[in-house]
Structures are given as C-alpha cells and as structure tokens.
Amino acid sequence: METNISITDLIAIRNIMNTAAERGAFKAEEMVDVGTVYNKLNKFLEAVIAQAAAQERSEEHTSELQ
C-alpha cells in the first residue's frame with residue numbers, strides 16, 4: 001500500500017472540498033473550519049505550482065544557453 005500523497009492528490013482533495021461545499025455537505029457551523037483548511041490548501045497548491053513553473057522556466061532557459 002502506497003502512503004505518499006502527491007500534488008495531484010491534494011488538487012483532488014481541494015476539488016472534492018469545493019464540490020462538497022457547493023452541494024451543501026457541510027453544516028453552517030462547519031463552514032469556517034472547512035473554508036480555513038480549503039484556503040490553506042489552495043495557497044499551498046498555488047505556491048507549489050508557481051514554484052514548479054519557475055523551475056521549469058529556469059531549466060528551459062539554462063538548456064537554451066547550452
């Protein structure tokens with residue numbers, strides 16, 4: 001059994017949370033906690049994706065110079 005969590009898994013979790021919230025799966029008193037976790041996860045994913053894009057651009061630039 002694999003125990004790793006990938007960025008793709010985290011994106012899926014974010015999408016599941018969003019869908020569940022849209023469908024009313026959470027009680028009103030739970031929304032603050034769900035929203036807080038969703039926002040933290042979303043900011044983390046945005047940072048990771050931006051970092052990966054910057055690294056890819058840097059690698060492309062380096063390969064162009066060679």
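**How two helices meet**

A: Let's start where the helices meet: the buried residues of H2 pack against H1. Here contact means heavy atoms within 4.5 Å, and buried means under 20% relative accessible area, with exposed over 50% and partly exposed in between (1.4 Å probe, protein chains only). Helices (H or I, at least four residues) and strands (E, at least two) are DSSP runs, numbered from the N terminus.

A word on the source: this is a predicted model, where local features need pLDDT of at least 70 and side-chain atom pairs count only at pLDDT 80 or more, while totals for chains, interfaces and linings use all residues. Residues are numbered from 1 along each chain as its sequence is written, and side-chain values use heavy atoms, leaving out hydrogens and water.

Now look along H2. This helix has 35 residues and reaches 50 Å from its first C-alpha to its last, close to the 51 Å expected at 1.5 Å a residue. That expected span is 1.5 Å times one less than the number of residues. The buried residues of H2 are Val34, Leu41, Asn42 and Leu45.

If we leave out residues up to four places away in sequence, Leu45 touches Ile7, Leu10, Ile11 and Arg14. Leu45 also belongs to the largest nonpolar core, whose 5 residues are Leu10, Met17, Val34, Leu41 and Leu45. A nonpolar core is a set of buried Ala, Val, Leu, Ile, Met, Phe, Trp, Tyr and Cys residues joined through side-chain atoms within 4.5 Å. Helix H1 (7-22) and helix H2 (31-65) each supply at least two residues of this core, and H2 gives the most, with 3 residues. As background, nonpolar side chains tend to be buried together in soluble globular proteins.

Lys43 lies in helix H2 and is exposed, because its relative accessible area is 60%. Gly35 is also in helix H2, but at 26% relative accessibility Gly35 counts as partly exposed. Gly35 and Ala20 are 15 residues apart in sequence and 12 Å apart in space, C-alpha to C-alpha.

Next, turn to the partner, H1. At 1.5 Å a residue, its 16 residues should span 22 Å, and its end C-alpha atoms are 23 Å apart, which agrees. The buried residues of H1 are Leu10, Arg14, Met17 and Ala20. Seen down the axis of H1, these buried residues fall within an arc of 130 degrees, so they line one face of the helix. The arc is that of the directions from the helix axis to the C-beta atoms. H2 is part of what covers the buried residues of H1. On the other side of H1, Thr8, Ile16 and Glu22 are exposed.

Ser6 sits in the segment before H1 and caps the N-terminal end of H1, with a side-chain oxygen 3.3 Å from the backbone nitrogen of Thr8. Just after H1, Gly24 takes a positive phi of about 75 degrees.

Finally, let's step back to the whole chain, which has 2 helices and 0 strands. Its radius of gyration is 17 Å, well over the 11 Å that the globule rule gives for 66 residues, so the chain is more spread out than a compact globule. The radius is taken over C-alpha atoms, and the globule rule is 2.2 Å times the number of residues to the power 0.38. Along the principal axes, the C-alpha atoms fill a box of roughly 55 × 30 × 15 Å. Buried residues make up 12% of the 66 residues in the protein chain.

Terms used:
A polar contact is a pair of N or O atoms within 3.5 Å; within protein, one must be able to donate a hydrogen and the other to accept it, and residues adjacent in sequence count only if both atoms are side-chain atoms.
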